[in-house]
Number of protein chains: 2
Amino acid sequence: MLSKSQLQFIKSLHQKKFRKEHGLFIVEGIKSITEFLHSDYTVHSIFCTSKVEPKIGNFPKKIKLNIISERDLTAITTLKTPQGILALVKAPDNKRLDTKELKNSFTLVLDNIQDPGNLGTIIRTADWFGINKIICSEDTVEAFNPKVVQATMGSLARMSIVYTDLQLVFQDNSIPVFVALLDGKSIYETTFGNEGLILLGNEGNGVSKNLLNAAMTTVTIPRFGNAESLNVAVSAAIFCSEIRKKR
Amino acid sequence: MLSKSQLQFIKSLHQKKFRKEHGLFIVEGIKSITEFLHSDYTVHSIFCTSKVEPKIGNFPKKIKLNIISERDLTAITTLKTPQGILALVKAPDNKRLDTKELKNSFTLVLDNIQDPGNLGTIIRTADWFGINKIICSEDTVEAFNPKVVQATMGSLARMSIVYTDLQLVFQDNSIPVFVALLDGKSIYETTFGNEGLILLGNEGNGVSKNLLNAAMTTVTIPRFGNAESLNVAVSAAIFCSEIRKKR
């Protein structure tokens, strides 16, 4: 059973402020927790119901498994449909951007993405396509938000994510930048080569004008119908697909 | 001001049961409502706050605009961030499937899609790529669910959606069927031609086995990284993109 203060502590991690303060975030579900156990992240503690415990495979023994009641699990879960198991994972310090690391690979650069489901889906999609670096503007939704974590379906464990002032990213001109805008060259006629930054903008307003410069290649997903725009996670997916198929 | 019974009536439409009973659903936001006003749908009534009224452009005068208080709007909205304007729109009767109408075009066929955000995003993406027909299994989430409507960003107004037993769809063998599975031919090497049904399955379980037959072409989005699967709306988007770029 969890004490009142334990319950309060875990519930506090539903909020960004306390995640920052304690350097911990919540991961739920056996599959996602397993991905974090096999990653560079440090799993701090695991809480599960006696019903779910027998379903757990080979979790490392050094991490204490706390068996808790259904009621306690319901109190601490961030999900509408709780999965009976919840872990606290240490949030790594935000890495400093090293533009040298961006050479010879593709990196997604996200400008002010607000919807947690979108960021989570982008992380999952990037992982599918073998892209493992994402740079986010400082005003992009936090990657350790429970809704982001859930939508990544475990892919967060394999993704390197840096939050930074995007102006700093584009100071280095040695890597080509492809920016998703509505009035660019067709993505189907774009040559991506073997490295680059893919810059995608906010759900409502697109990419901030002050980030754009003449050296960037403007790329558009051609419209064949009538919708005014595409969802940003959908755009990101089509970029990832086009990059990979051309290699 | 809205009477208590009017408030209750509109709030009842948050639930599927009452949407079915009254044949009405809720659309919110000026942009989306405008799309429905310019579509084959019948807009039944519009409610907006005095703050939002001046922002409305040229709505047809025959539809009565009910000016209501912020408080009433807050009571009837389905959104976390209400947009100050809400319309009730008549739900058309579910059309009978006519497989002849599927010739010479592409149609998405959705098997048991559960997440409203996914269905909404699929409708929006299909509209972008000029695909205007979607067939849903009877257990797919209802297209008039407020979260679906919201995620379509107005594209629902242009989409023909039929709910039916999918077995009936695949009885007609004259149109090629492409089914999204993990062990098929690469989508990048698939020739789509100029017509077809794209069959996409449930978020967790994929396409129902009993729907599959040997005449279908199994298509896979190749994996370059480590994610176990792609979000279904992302898969749908990559299919739409590949279909269009090859025409």
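Predicted model: local features only at pLDDT ≥ 70, side-chain atom pairs only at ≥ 80, totals over all residues.
## The four-stranded sheet of chain A

Chain A contains an open sheet of four strands in the order S1-S4-S2-S3, with mixed pairing. Its edge strands are S1 and S3 (65-68), each of which pairs on one side only, and neighbouring strands of the sheet are turned by 25 degrees against each other on average, direction ignored. Helix H1 (residues 4-12) of chain A packs on this sheet and touches S1, S2 and S4 of chain A, its direction making about 70 degrees with that of S4(A). Helix H3 (residues 30-37) of chain A also packs on the sheet, in contact with S1, S2 and S4 of chain A, and its direction makes about 130 degrees with that of S1(A).

Strand S4 (residues 85-90) of chain A is largely enclosed by the rest of the structure, because five of its six residues are buried. Strand S1 (residues 24-28) of chain A pairs with S4(A) in the antiparallel sense over five bridges; within S4(A), A:Leu88 stands opposite A:Ile26, and A:Ala87 is the bridge partner of A:Val27. Strand S2 (residues 43-49) of chain A is likewise joined to S4(A) by five bridges and runs antiparallel to it, with A:Cys48 opposite A:Ile85.

## How the two chains meet

Chain A is superposed on chain B by a rotation of 180 degrees with 0.0 Å of shift along its axis, at an RMSD of 0.0 Å. The two copies are thus related as by a two-fold rotation axis. Contact between the chains involves 33 residues of chain A and 33 residues of chain B, and since 100% of the interface residues of chain A are also interface residues in chain B, the copies meet through the same surface.

The area buried between chain A and chain B is about 3,000 Å², of which carbon and sulfur atoms give 62%. Two salt bridges are found across this interface, and B:Lys245 forms a salt bridge with A:Glu242, the closest N and O atoms being 3.3 Å apart. B:Thr121, in helix H5 (residues 116-128) of chain B, counts as buried at 12% relative accessibility; leaving aside residues up to four places away in sequence, B:Thr121 touches A:Asn231, A:Val234, B:Ala151 and B:Ala233.

## Salt bridges within the chains

Over all chains the count comes to twelve salt bridges. One of them joins the side chains of A:Arg158 and A:Glu35 at 2.4 Å, N to O. A:Arg158 lies in the loop between helix H6 (146-152) and strand S7 (160-164) of chain A, and A:Glu35 in helix H3 of chain A, so the pair ties together parts that are 123 residues apart in sequence. A:Arg158 counts as partly exposed at 27% relative accessibility, whereas A:Glu35 counts as buried at 17%. A network of salt bridges links A:Lys31, A:Glu35, A:Asp127 and A:Arg158.

In chain B, B:Glu142 forms a salt bridge with B:Arg19, the closest N and O atoms being 2.5 Å apart. B:Arg19 lies in helix H2 (residues 16-22) and B:Glu142 in the loop between strand S6 (133-137) and helix H6 (146-152) of chain B, so this pair ties together parts that are 123 residues apart in sequence. B:Arg19 counts as buried at 5% relative accessibility.

Note on methods:
Residues numbered from 1 in each chain as written. Chains lettered and ligands numbered in written order. Heavy atoms only, no water. Buried < 20%, exposed > 50% of the residue type's maximum accessible area, 1.4 Å probe, protein only. Helix = DSSP H or I, 4+ residues; strand = E, 2+ residues; numbered from the N terminus. Pairing = 2+ DSSP bridges. Least-squares fit on C-alpha atoms with pLDDT ≥ 70 in both. Contact = heavy atoms within 4.5 Å. Axes fitted to C-alpha atoms, helices over the stretch in contact; angles between N-to-C directions. Buried area = accessible area lost by both parts, 1.4 Å probe. Salt bridge = Lys/Arg side-chain N within 4 Å of Asp/Glu carboxyl O.
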